[in-house]
Structures are given as C-alpha cells and as structure tokens.
Amino acid sequence: MAYRYVTVPPGEKIIMGSGGKLNVPNNPIIPFIEGDGTGIDIWKASVRVFDAAVRKAYDGSKKISWMEVYAGEKPFNLFREQMGDKAWLPDETVEAFKEFMVGIKGPLTTPIGGGIRSLNVALRQLLDLYVCLRPVRWFQGVPSPVKKPEDVDMVIFRENCEDIYAGIEWMAGTAECDKIKRFLLDEMGVTKIRFPGTSSIGIKPISRDGSERLVRAAVRYALDHKRKSVTIVHKGNIMKFTEGAFKDWCYGVAINEFRDKVVTEREIWIIDNQDSTPGLSVEENARRIDPGYDMMSPQQKEDIRREVEAALDLMPTHGAGQWKKLLMIKDTIADITLQQVLTRAKEFDVLACMNLEGDFLSDALAAQVGGIGIAPGANINYVTGHAIFEATHGTAPKYANLDKVNPGSVILSGVMMLEHMGWQEAADMITRAIDKTIGQKRVTYDFERMMQGATLLSCSGFADALIENM
C-alpha cells in the first residue's frame, strides 16, 4: 500500500507462515503509536530499552525498523483539516497494522462527544484482535497492598470483541429505545424490566464462535507454557444463555479438541472417587460429586450418571493419579473469582473470561502486584497473527512532558511483543533487567514514594538503569 502520512522505513514485513507461526525477518518493520499525554515520555524511554535488548541479545544481527503511525491527539491536531474526525484514527493506521502484522502503542485519549467511542476498542474490533492478553506477575520489591503478591502469577485471556465491547445500546427516551422496549414487552413477553418507561436498553452478544476461539487460544497457551490450569470465569448461574453458554462452549472445545492433554475438575473428582473406592457404583459416585443428587429430577439424575460414566471411561489414561500430568480445566463464578484471586491466588493460573469479567479481573490483579502502571497488555488474533501490544494505563496528561512516569507498562508490553515474535532472548533480557533494577530500589516516583531507601529515577532514568542492568 502507498502511504500518504506514514513513512515506511527500510526493512521487511512479518508474515504468517505455515502452522500458525509468524515468519519474522531479522529487520522487521514494526508500526508504533507513541500515545497521548505521558505516552511521549514513555515511548522515548521504552524504545531505547527495546533496541538495547535486541542489540545485546543478538550481537547486532537483528534490529527493529520502527515505523510511526498515528492515532489520538497527535494526528487530530496535525490532520483534522484534511480528515475531520477521522483524524483521530486515520485509515492509514489501521491499514499499516494489517499490512505489517505486529505493532505496539502507548495510551490514547478517548475523543469526547460523538464519533469513535474508544480508539483502543476501535483498533481491536477493526483488526478482529479477539484476545486481550494480560499476564500478571509480581516483581520482587514492588509495593503491593496485599500480604503475598508473590502468589499472583496469572494470565488472563479476555474476549475482546463481544459482550459489552459490542456497544449495542439505546438511550432511554429515544425512539429507538422505545421501539426495542415495545418489541421486548409486546412481542417477546418480557416482564422483568422493572421500570420500562425510564430504562435504557443494552444487548450483550456472546457467540459460540467467539467463545470457542478465545478458549482455544487460552488452552494452547497453557499447554505451550506448561501452565497447570485454565479457569473459565462466568456468571452463568444468572445469565444462562450467554454467560452459561460461554462456559459450556469453552468446556466443549477443551474436551473435544484437547482430550488427551486435559482433564476437567469434575472428572478429577469422579476418577479420584473411583480410585479411592474400587467397585463404587455410578450412582454412588454421582451422589459424591453432587450432594443434591437425590432431590434432582429423573432427567437431571440421568445427566449426572452419564457424566460419571464418561469420566470413568477415562480411567485407563487418567486414573491412578495419571491426570496430575494433564492441564486442568475448571470454571468459577465471576464474583467468587474476584474474592478468591485475593484469598487463594495460587489456585489460579490461566483464566478465560468474557469481556466485562476480564476487565475487572485484569485491573484488580494488577493492583495486587503494583498497579496498572507496570501491567502489560496485548490484543491478538491467533489465527491471522495480527497483534497490537499496548500500555494498560491512561494518558495522565498532567504528567505529560515531565519525564516522570513509570514506563513499565509499555516496556513489559514490548516484552510480550518480542515473545510473540519469537525473540525470547531479548524478551528475557529485559525481564531480568527489570527484576534487577527494582531489586536495587531504583524506581520512578510511583514506587519510590512507597519504598524505604529507594532511589528516585525519572522515566528516562529508569530506562537508563534497565539498559545498564542488561
């Protein structure tokens, strides 16, 4: 594609190869958006860290060709006469991310008023980046509000295109909202809208296709990274045909596509019951896994017995503790999850979530390990290979151009980008440098004010320290 506002540097494109693996040249062209507000300071610091790690890890044989593309306040100020509101997110930017596959960005302002609701959400949906990937771990010495932040080592797979991100809603008092309510009340017989006259209406689509591709990516990630479990997070006890269906579809993919590599939590209960009590009848096993079995309807009892029989068929490959070598698939209710990631953090590993629950969990877990200022994020389509790695915090405009804020979120997002590219040596070099630098108590103001004996560094100074510690 010929670009009018973007300058394409010398280098080569990343392409999707066979077997779902990226083909990454030694001089890949990587689009970047520096971001609004503090994004300018953060990007200047982060890019020096990335370049230093790549140079040192590969003795100069590899180098990223950075290509600036535009979104947010910068292009709006530069190009609004030519583009109008489209200057917030120029078409060229979307096309560049499509063409060059992998990119990275700083925080962006959400335009006020009409038009695009969120530039971040728009990029995810336009490129169908259906996984929001948020790994959360603690670095030794980072101030935390919890007693054992070291117990947190989780990876969140959050659905990135459906649920509330579909943005389907109508404002109370509008003709469109009244039309939807008439349809619900008069044609569908809905009786549960408490105040129909003053209610706005929203719809949350959750599809089988979207659910399956999300959990497929989560299970593959867990297997590739030798994780112990995948937890499906949902509110299916209330929303049975959306959240509940999400749970069922996720289990279906895990069992049908990865049968020899996974075991469900309920299958473990059944298998262990049979191992501990040889000769246990199917019905007695059913009573052990469901204490309310005797109060169930005949059809419910039959369903539980079939579940037990299916699990017992796995005894040759999963019994006698063989299941302990496999990836566990389990599910949990969303509100209980928010409690238990605090009280039982070690029980969670990879989490597969719909959009809203994943949003809550991502930020709640980030708070446990030091805040979103050091939390990385990625938006990935594992089928096409397209990915945008990004800061998970806001623009903090009052700190812009002060060389003050923590660049950790973008730097760690860059680590994820290098891992996605297969440049693990450079990624590991940065991670070790962060561990060492924070361990030396050389940190930016957000950590320094909560650490005794810490040395205060600027944003650029923290980057200098990381490069020094590589």
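Visitor: How much space lies in the second largest pocket?

Guide: This is a predicted model: local features need pLDDT of at least 70, side-chain atom pairs 80 or more, while totals for chains, interfaces and linings use all residues. Residues are numbered from 1 along each chain as its sequence is written, and side-chain values use heavy atoms, without hydrogens or water. A pocket is an open set of points on a 1 Å grid over the protein atoms alone, where a 1.4 Å probe fits, with protein on both sides within 12 Å along at least five of seven lines. Points join across faces, edges and corners, and probe spheres set on them fill the volume, here about 690 Å³.

Visitor: Which residues lining the second largest pocket are closest to its centre?

Guide: Lining residues have an atom within 4 Å of a point. There are 14 here. The closest to the centre are Leu184, Val190, Lys192, Gly202 and Met239.

Visitor: Which element gives the most to the lining of the second largest pocket?

Guide: Elements are DSSP runs numbered from the N terminus: helices (H or I, at least four residues) and strands (E, at least two). Helix H5 (175-187) and strand E9 (201-203) each give two or more residues. With three residues, the top contributor is E9.

Visitor: Which strands stand at the edges of the 11-strand sheet?

Guide: The open sheet runs E4-E3-E5-E15-E14-E6-E7-E13-E10-E12-E11, with mixed pairing. Strands pair if DSSP finds at least two bridges between them.

Visitor: What is the bridge partner of Val263 in E12?

Guide: E11 and E12 (residues 327-333) pair in the parallel sense over three bridges. In E12, Val263 has as its partner Met328.
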